[in-house]
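Welcome, and thanks for taking a look at this one with me. Please open the sequence and the 3D view side by side before reading on.

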Amino acid sequence: MSEGAPVNAPETLHEVTLVVNGVRRSGSVPARRTLSDFLRHDLRLTGTHVGCEHGVCGACTVLLEGEPVRSCLLLAVTVDGAEVTTVEGCCRGDGSLGAVQQAFQECHGLQCGFCTPGFVTTITAYLRDHPDPDEPAAREAIAGNLCRCTGYQNIVASVLRAAELRRREGA
Amino acid sequence: MTTRLFGEPVQRQEDPRLLSGQGRYLDDLGHDALAAAFVRSPHAHARVLDVDVTEALEVDGLVAVYTYEDLEGRVGERLPLLIPHPSLTEPRTAYALARDEVNHVGEAVVMVVARDRYVAEDACDRIRVAYEPLPPVVGVAAARAADRLVHGDVPGNVAAHLVEEVGDARAAIAAAPHVLELDLQVERSASMPMEGRGVYARWDADDRSLRVYSSTQASTSVRAALAAKLGLPLDRVEVIAPDVGGGFGVKIVHPWPEEILVPWAALRLGQEVKWVEDRREHFVASAHERGQLQQVRVGFDDDGRLLGLDVAFWHDNGAYTPYGVIVPIITATQLLGPYKPGAYRCEWWSLYTNTVIVTPYRGAGRPQGVYAMERTMDAIADELGLDRAEVRAGNFIQPEEMPYDQGLLFQDGRPLVYDSGDYPAGLEKLKGLVGWDDFETTRERARAEGRRVGIGLACYVEGTGVGPYEGGWVKVETDGSVVVATGLTTQGQGHQTAFAQIVAAELGVPIERVTVTTGDTRRFRYSVGTFASRAAVMSGNAVGAAARKVRHKALRIAGEALEADPRDLEVVDGEVRVKGVPSASIPLATVAVLSNPLRYAFDEQAKLATQFAGTADLSRPPVPEGEEPGLEATGYYSPPRSTFASGMHAVVVETDPETAEIRVLRYCVVHDCGTLVNPMIVEGQVHGGVAQGVGGALYERMAYDESGQLLNASYMDFLMPYSTEVPHIETDHLETPSPLNPLGIKGAGEAGVIPGMAVFAAAIEDAEGFRISRMPISPSELHDLRLRHAAGEVPPLRRHLRHHDDQEDSG
C-alpha cells in the first residue's frame, strides 16, 4: 500500500501567470501540471504537441525567454512569470505564416505536421543566433528533434530557405 | 489567377493550418472530456487471478473502474478477426480487457475513467492485479521450437501455415548447375508515428447518437465495428479521423481495445471520454512488425539465371492475429520482385509469441521479402564472380513481357499480375546516378587512404492500390467553390492537395477553390482505408470519376442556358464557355444555381433558380427524369487487381576499420509510381520511407529479454534516426503509367522503406568482404562479425578472395 500523500483529498492549486506569445495568461494548476499540458489544455494553445513525454522527440519545444525548452519536462509552476513563445506565436502579426513557417511550406518540410511545431520554434531561435547557416550547420541545428515522415531533407532545406527569407526581410 | 494542376509540384493546402498551430489532432479536441487510463499487464504470459480496485476507489476525481467482468454484451466478446484466410487455421484475438490470461506485456487489464489523466493514473497505480506467471515464448526461434505454447490450444504455436508453388522448384534446383543456401534473419521494428493512438467519444443522449474521433487509418470500418460492438444502428454512429500525426500502418488496425472501451464508457456514463496513448503504451500495446527467420535454397545457371527458388520462412505474429496473415502473404508474393524466379516454392509458418501483436508497418512484409531475394541475388553474383547488377538484369522481367503473371494470388485475393514497369531502364538510371560502373576507382582511392567503402543495390516491385474500392463525392457550390469528400483517411500524405489537383484538372476550376475532406464518415460513408500505398490510386481515381460526372452535368445544364451543344463547351477557370467564343460563357457558380430548382430565394444568386425567374424549360418537370438536383456527383473506383510500382536503391557506405561505425556516403533512389500527381509530395514520401529504411537497417529493433520485457520501450532507447543519421537522398523518377486506372497512377507511400535492409546489407557486405545475413546491424554486431570472420567462423565473400588472389598475382 502506498504511503505517499493522500490521494483522496483535492489537489492544491497554484496560480501560474505567463506571457505567452506576448499576451498575459493565467491559470490555476496542480504543482505537477506540465508546461505542455498547461499550454495545451488550460490555455488551449494546442499547437504545441507532445510526442514522447520524456524530452527526446522535441515536438513540444517552446521558447522560454527566447530559448528552446522541452515543455513536457517542465512543470508550469516552475516557470511562473516567464515569457513563452509557442508555434502560434511564430506567425506574423496579421496571422500569416512567419519566415520559418513559410519556408516549411515552400520546401515541403512537413507531412503529418505533428513534429513540426517543435521544429519551427527550434529553428526560429537558431536562426536568430545563426542567421546564415550552411547545409551541415542547418542539419545539425535540427538534430535534437525527431520527425518520422520527412527524412529531414526538406526540413534542412527549410532551414536554409528560412534564413534566406529572413535576410531578405531584414534587407 | 493561375490554375496549377495535375502533375505539378503544387504547395500543400493543408500546410498553413498545420504550420501555424491550428491543426486538430486527437488530443487537441475534447479538453473537458473525462480521461481514460489503463492498467496493463507487466507479464508477458500470465493468468489473471484477481483484480482489487478498493484502494483506487478513494482517489478524488475517480469516475469509474472497469474490468473484464463489467463488459456487457458484445463488448465482452473477443475482438474481431479482420482478415480471415484459409491458411489461418488457429486465429486468436484478444478481449478488450484481459479475461483470465494475458499474452504480452502491455495487454490492457483494467480501464480507469477520471477527471483528468493525472488522476486516472493515480487510480491505476492503486489497483492491485494478482497474476500467476506462465512461461513466455519470446522470439521466432523459441516459437518454432515450441517447447512452450503461447495459447495452450494452439499446437506448435502455429497460427497459420501455407505452401505455394509455381512449377516444381525442388526438382529445378536439384537439376541446376549451381545451388546456394542462405539463412537469414530480420528483427522486429515498428511504425512509431510521432502521434500515438487516441480516441475521443461523445454520446448525445438526446439524439441517441455517438460521435467518435479516432487517430485511425480506417474511420469507416471503425464505425462499422463500433455499431456492431455497441449494438447501435449504423446511422447513429459517426467516426472522424481528425488530423493524424502519422500512421505508417499501425493505425490501420481496428477496433483497438481502447477504441471500443472509450466509446462504450462514454455511452454508459453519458459523458465525453478521451484516451490518448502515451509513448510507452505505444511501444507495448499497439503493434510491431518485421520479425522473420528465412531459409532460401536457389538453383541457377552459369549466367546467374534463376532456375528454381525454394523459400521457407517463420513469421513472428505476436500474441494475437487480429489483422490475419497479410504480412507473411505479402512477403511470400512480393519476394519475387522484378524477377522471373523459374520455379518457385514458398512455405511459411506464422507463429505466436508472447509479444506485442504484429500488423503491417510501412512496407508490410515487403522489406523482408526483398531482403531474402536481394541477399540471394548478391550471393549468386558472388558465387559466379559476376557483377551484381548484371545478375539482376539477367533475371528481370522485360517491359515487353508485361502484363506478367507470377502465377500466385496476391494479398487482395487476386492474381499477382504485374501491369507495367520498365526494370532495365530503372537499373540503367540507377547505375548512372550512383556511378556503379566507376565504383572500383572510388574503392581503390578510399583504400589508399586507409578507408573502407562498399556499394550495394536492391530492387523491388510493390503491389499498390489494392481494392476493393474507394469513392469520392464532388460538389460545386453556388458560389463556385468546390467541395470534395472521400472516405479514406490522411496521415500526412497531402491528400487535401493531391485530390484537389485531380478534381481541379478534371473540372476546369482553380485549385484554390477546391476543398477536400477525408476520413469523416459524416461526409462519405463508403470506404476501405489508407494502407498498401492505395490512397492516390483509389481515391484519386474515385474523385476523378466524380469530377468527370459533375463536369458532364455542368456542360449539359450550361448547354441549355447558352443554347449550345454540350460537346462544343469547355470549362476554363470556373467558367463554362463555347469553345472559340469566350464571350459566350456562364460561370460554374451559376450552373450550380440552375442545377437546383428552387421555390425560395435565400440570396441574390438563388433568385435565378426560382419558379418565376423565367429560366425553366416548361416542357418538362423542373428536375427531369433520371436527373438529381445539385451540381454534384459521386464516383467510385474499383480496380480489377493491384497495380505494381517498382524501384531500386543504391547505397555507398563507409565502415570504420576500428569502431565498425557505419556511415552513409551516398543514397540513390530510382522510383517508378506511374503518373505523378504531385512530384513534390511523391519525393517527400520517398524521403520518409528511406529514413525508415535507414532506421530499420542500422538502428531500430525491439529489444525483448527472455522474459518478454521490452527493454527499450522509449525514445531514449529505441533509436529512431535524427537528421544526423539520414543521408542526403538523390532521386530520379521513371513514369510507367498503370494501364489499370484512368489516371495511370501507382502507389508511392511505402516504396522508400522497402529495399532498405537489403541495400544496406549488400553495401556493408561489400565493404567488409563477408556475408551479412542478419538485420538490423549495429556497430557492435559488425565488430563481432569481424572477430568471427578473423577466427574463420564467418567465411569471406568469394570476390574478396579473388581480389586478394589478384593482388597477390600482380604483386
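This is a predicted model: local features need pLDDT of at least 70, side-chain atom pairs count only at pLDDT 80 or more; totals for chains, interfaces and linings use all residues.

1. Start with chain A. The domain assignment divides chain A into domain 1 (13-90) and domain 2 (99-170). Taken over C-alpha atoms, the centres of these two domains of chain A are 22 Å apart. Their contact draws 17 residues from domain 1 of chain A and 14 residues from domain 2 of chain A.

2. Stay with that contact and look at the side that domain 1 of chain A turns to domain 2 of chain A. Two elements of chain A, β3 (61-64) and β4 (67-70), each supply two or more residues there. The largest share, three residues, belongs to β3(A). By type, this side of domain 1 of chain A has eight nonpolar, eight polar and one charged residue.

3. Now move to chain B, where the assignment gives three entries: domain 1 (33-134 + 191-285), domain 2 (292-466 + 640-810) and domain 3 (470-637). When you colour them, note that domain 1 and domain 2 of chain B are each listed with two segments.

4. The centres of domain 1 and domain 2 of chain B, again over C-alpha atoms, are separated by 37 Å. In the contact between them, 30 residues of domain 1 of chain B meet 25 residues of domain 2 of chain B. The domain 1 side of this contact in chain B consists of 18 nonpolar, nine polar and three charged residues.

5. Leaving out residues up to four places away in sequence, Val484(B) touches, among others, Trp473(B), Phe499(B), Val503(B), Val516(B) and Val543(B).

6. Finally, how many residues of each chain are in contact with the other? The answer is 47 residues of chain B and 52 residues of chain A. On the chain B side, α1 (15-19), α2 (117-125) and α16 (679-699) each give two or more residues, and α16(B) gives the most, with six residues. That side of chain B divides into 19 nonpolar, 16 polar and twelve charged residues.

Methods. Residues are numbered from 1 along each chain as its sequence is written. Chains are lettered from A and ligands numbered from 1 in the order in which they are written. Domain bounds come from an automatic or database domain assignment. Two residues are in contact if their C-beta atoms, placed from the backbone, lie within 7 Å. Helices (H or I, at least four residues) and strands (E, at least two) are DSSP runs, numbered from the N terminus. Ala, Val, Leu, Ile, Met, Phe, Trp, Tyr, Cys and Pro count as nonpolar, Asp, Glu, Lys and Arg as charged, and the others, Gly among them, as polar.
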